[in-house]
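Work through the exercises below with the sequence and the model at hand. Each task is followed by a solution in steps.

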Amino acid sequence: MVVANGMEVGTMIMKENLFSPYQLGNFKLSHRIVLAPMTRNRAINEIPNQALLKYYTQRATNGGFLISEGTLISNTSAGFAHCPGIYTEEQVEEWKKVVDSVHSKGAVFFCQLWHVGRVSHQVYQHEGGAPISSTNKGLSDRWKVLMPDGSHEKPTPPQALTTPQILEVVQHYRKAALNAMRAGFDGIEIHGAHGYLIDQFLKDTINDRTDEYGGSLENRTRFLMQVVQAVIEVVGPDKVAVRISPAIDHFDALDSNPLQLGLAIVDGLNKLQLKLGSKLSYLHVTQPRFTAQGVVEKPAEEAQADAQLLRKLRDAYNGTFVSSGGYTKELGMEAIAQGDTDLVAFGRLFISNPDLVHRLMIDAPLNKYDRSTFYTHDPVVGYTDYPFLDEATN
């Protein structure tokens with residue numbers, strides 16, 4: 001068999017890679033490199049601004065795919081200072097400017113809807129109330145909340161939602177999704193990962209409820225499925241995606257059987273797609289190598305088990321699969337070539353390399369990121385001041 005540029009000439013079969021085009025529903029992507037959703041704390045007073053416009057536009061490419069940072073669905077959603085919301089008219093109007101600018105570069109832009117649940121402090125809550133969650137249990141002393149002045153404090157103990165209150169929150173997701181579409185976003189990613197509100201219902205070491213939202217896998221996944229269905233009602237299934245992290249313990253979000261939990265979520269989404277006769281946009285799963293301190297190197301046996309879990313979820317899900325969490329170019333190329341994922345979302349590397357797609361394509365050196373500026377409020381430093389390749393080499 002003759003091979004040329006990775007292509008078997010006789011059969012014209014080419015391995016897919018990060019730079020292969022991909023059809024994401026109605027969107028034709030020119031490559032598989034996705035801007036991961038990342039909290040950046042630059043939306044002063046929860047209002048998108050010119051800094052956000054520049055940041056996202058810098059990272060937009062023709063046929064590229066961007067997912068917004070976690071975007072607050074209500075005045076109970078925040079756990080960090082200066083994260084953008086999508087629940088007021090002013091927020092919608094300012095997001096329109098950001099979205100229009102991203103679209104001018106030919107990119108596809110999804111809005112990630114976010115509620116942090118118990119990962120919060122009363123300073124971020126409406127009228128100083130307690131954060132809401134699936135439980136009254138607070139986080140362990142291992143975790144602290146970043147305060148507006150840059151200090152860290154223990155989260156305020158949460159208040160478990162009643163059943164009527166849960167249904168109210170579902171409607172907040174619905175309204176936020178409608179607002180995001182009014183702002184011009186191309187679709188919605190529902191953040192059900194990383195120890196935030198939805199994950200607090202999913203994980204059995206957090207969820208201690210005895211009602212229809214606790215106990216069994218069906219009950220623990222009920223809130224997520226209600227949110228998904230509510231969002232679908234206003235935007236359509238092909239514009240709705242879900243992010244989960246069954247094997248990640250971020251913010252004490254442990255589950256006794258992460259594979260079983262992940263497969264239960266996948267099964268619920270597959271059944272919903274079959275019922276609707278239409279696929280969701282994608283399922284986004286975070287690699288367990290992601291941690292609050294960055295990417296960790298696990299022992300070979302653990303890393304192999306994590307990879308197997310991800311592959312089992314990928315094999316079980318009937319639709320587009322997106323993976324994130326500590327990917328390098330090499331790991332991303334390998335994951336796509338082996339069929340472990342369809343798209344790869346990059347976070348930290350995209351922070352410090354606004355032209356990441358170009359750099360990866362030509363194997364150019366990458367700017368190093370500065371973790372100390374990840375969550376500051378400066379509109380430029382550590383945000384839009386990382387140089388493009390042509391600037392760095394001049």
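**Exercise 1: a helix pair**

The crossing of H3 and H6 is right-handed. The model is a predicted one.

Task: Describe how the axes of helix H3 (residues 163–182) and helix H6 (residues 222–235) cross, and state which residues meet.

Solution. 
1. The two axes come within 9 Å and cross at roughly 35 degrees.
2. Contact is taken as heavy atoms within 4.5 Å. On the H3 side, the residues that meet H6 are Ile-166, Leu-167, Val-169, Val-170, Tyr-173, Arg-174, Ala-177, Leu-178 and Met-181.
3. On the H6 side they are Phe-223, Gln-226, Val-227, Ala-230, Val-231, Glu-233, Val-234 and Val-235.
4. Sorted by class, the residues of this contact comprise 14 nonpolar, one polar and two charged.

**Exercise 2: the surroundings of a strand**

Task: Determine which strands pair with S13, and whether the residues on its two faces are buried or exposed.

Solution. 
1. Strand S8 (residues 108–114) pairs with S13 in the parallel sense, over four bridges. Within this pairing, Cys-111 has Ile-188 of S13 as its bridge partner.
2. Strand S14 (residues 240–244) also runs parallel to S13, joined to it by five bridges. Here His-191 stands opposite Arg-243 of S14.
3. For the faces, the cut-off for buried is under 20% relative accessible area. Gly-187, Glu-189 and His-191 lie on one side of S13, and all are buried.

Notes:
Residues are numbered from 1 along each chain as its sequence is written. This is a predicted model: local features need pLDDT of at least 70, side-chain atom pairs count only at pLDDT 80 or more; totals for chains, interfaces and linings use all residues. Side-chain values use heavy atoms; hydrogens and water are left out. Buried means under 20% relative accessible area, exposed over 50%, partly exposed in between (1.4 Å probe, protein chains only). Two strands pair if DSSP finds at least two bridges between them. Axes are lines fitted to C-alpha atoms, for helices over the stretch in contact, and angles run from 0 to 180 degrees between N-to-C directions. A crossing is left-handed if the near helix is turned anticlockwise from the far one by less than a right angle, and right-handed if clockwise. Ala, Val, Leu, Ile, Met, Phe, Trp, Tyr, Cys and Pro count as nonpolar, Asp, Glu, Lys and Arg as charged, and the others, Gly among them, as polar.
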